[in-house]
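Here are my notes on the charged side-chain pairs. Please read them with the model open.

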Amino acid sequence: MQIKIYYSMKKNRYDAYSNYYYKYSKKKKIKSKLLSIFFVLFSLAVVIFFSISFSNFLNISKIVNTNTNFINNNKTLYALSLYQSTNLETCQNYKEELIKQGGAGYIYFDNNVYNVLSSVYPSLKEANSVKANLEQSGVSSSVLKIELPVINFKINLTTKSREILNEGISLFYNNYLKLYNLSNEYDKSSIDFISLKTQVNNLYESNKNIIENYNNYFNTSSNIYILYLKIYLNKLNVIIKNFQTLDESVNVSSKIKETYCNVLSLYKNLYNEMI
């Protein structure tokens, strides 16, 4: 009897353990399956995430170029040099005489030679035409090619920021061209001094709006290229503002030519800061 009871108790304990082990194993298998499913889903989510991210990167790269040329092509201008020397002092003397005659009198240093410029023209045809007229009057001159190189901003930009940056960098050439055309109109007496100053004032206000838009858009940027352009855009409008303070006691024809030469010089200085 004792043997049977012992056997029965042992059997019950064995059955209880078997039931517990079966239930535990079943739970463990279920838990293992759940972990496996979770891992598969997680891995799938990671793959999808990086696929989308890579796809977005490809899409962004279509509108972002770290070497975008913000001026469509480099500009080539042509200057008339009426005097050349390696001696700066003699150039200064000739400059004063040229200013009296309505020339820019701008001293341009190129290839270790100082050149006294009468003007800078947007095309070779215009420069050669004036050169021919001067030669008929017995004045010799030479044509100098002046390159306005493309400035590459090596930064990532969206379409909107590229547009604003392009608008800012284009101000230099656009201001030169506007002043050059006003100079021609003034020399031909198509506009008087008051009209000239009014149009220069309009140019100043237009520049101001573009510069403010640029400064506001990039107000949090610490990129050195963005900051350099901010500085030089403000310098540009200082040059334009200074012209507004002039009166007719100076040679206005000369002063407007000198002003657009200063604008071109400012752009070249900006370029040198960037390289």
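Helices here are DSSP runs of type H or I with at least four residues, numbered from the N terminus. The model is a predicted one.

1. Start with helix H8, residues 252-274. Glu258 and Lys255 both sit in this helix, 3 residues apart, about one turn. The two form a salt bridge, with the closest N and O atoms 3.0 Å apart. Glu258 has 18% relative accessibility and counts as buried, because the cut-off for buried is under 20%. Lys255, at 30%, counts as partly exposed.

2. Next, helix H3, residues 124-136. Lys131 and Glu135 are 4 residues apart in this helix, a separation of about one helical turn. Their side chains meet in a salt bridge, at 2.6 Å from N to O. Glu135 is partly exposed, with a relative accessible area of 45%.

3. Then helix H2, residues 88-100. Glu97 and Lys100 both lie in it, 3 residues apart, about one turn of the helix. Their salt bridge has its closest N and O atoms 3.6 Å apart. That pair qualifies because the limit for a salt bridge is within 4 Å. Glu97 is partly exposed, at 41% relative accessibility. Lys100 is exposed, with a relative accessible area of 61%.

4. How many salt bridges does a search of the whole structure find? The total is 4. Among them are Glu258 with Lys255, Lys131 with Glu135, and Glu97 with Lys100.

How values were computed. Residues numbered from 1 in each chain as written. Predicted model: local features only at pLDDT ≥ 70, side-chain atom pairs only at ≥ 80, totals over all residues. Heavy atoms only, no water. Helix = DSSP H or I, 4+ residues; strand = E, 2+ residues; numbered from the N terminus. Buried < 20%, exposed > 50% of the residue type's maximum accessible area, 1.4 Å probe, protein only.
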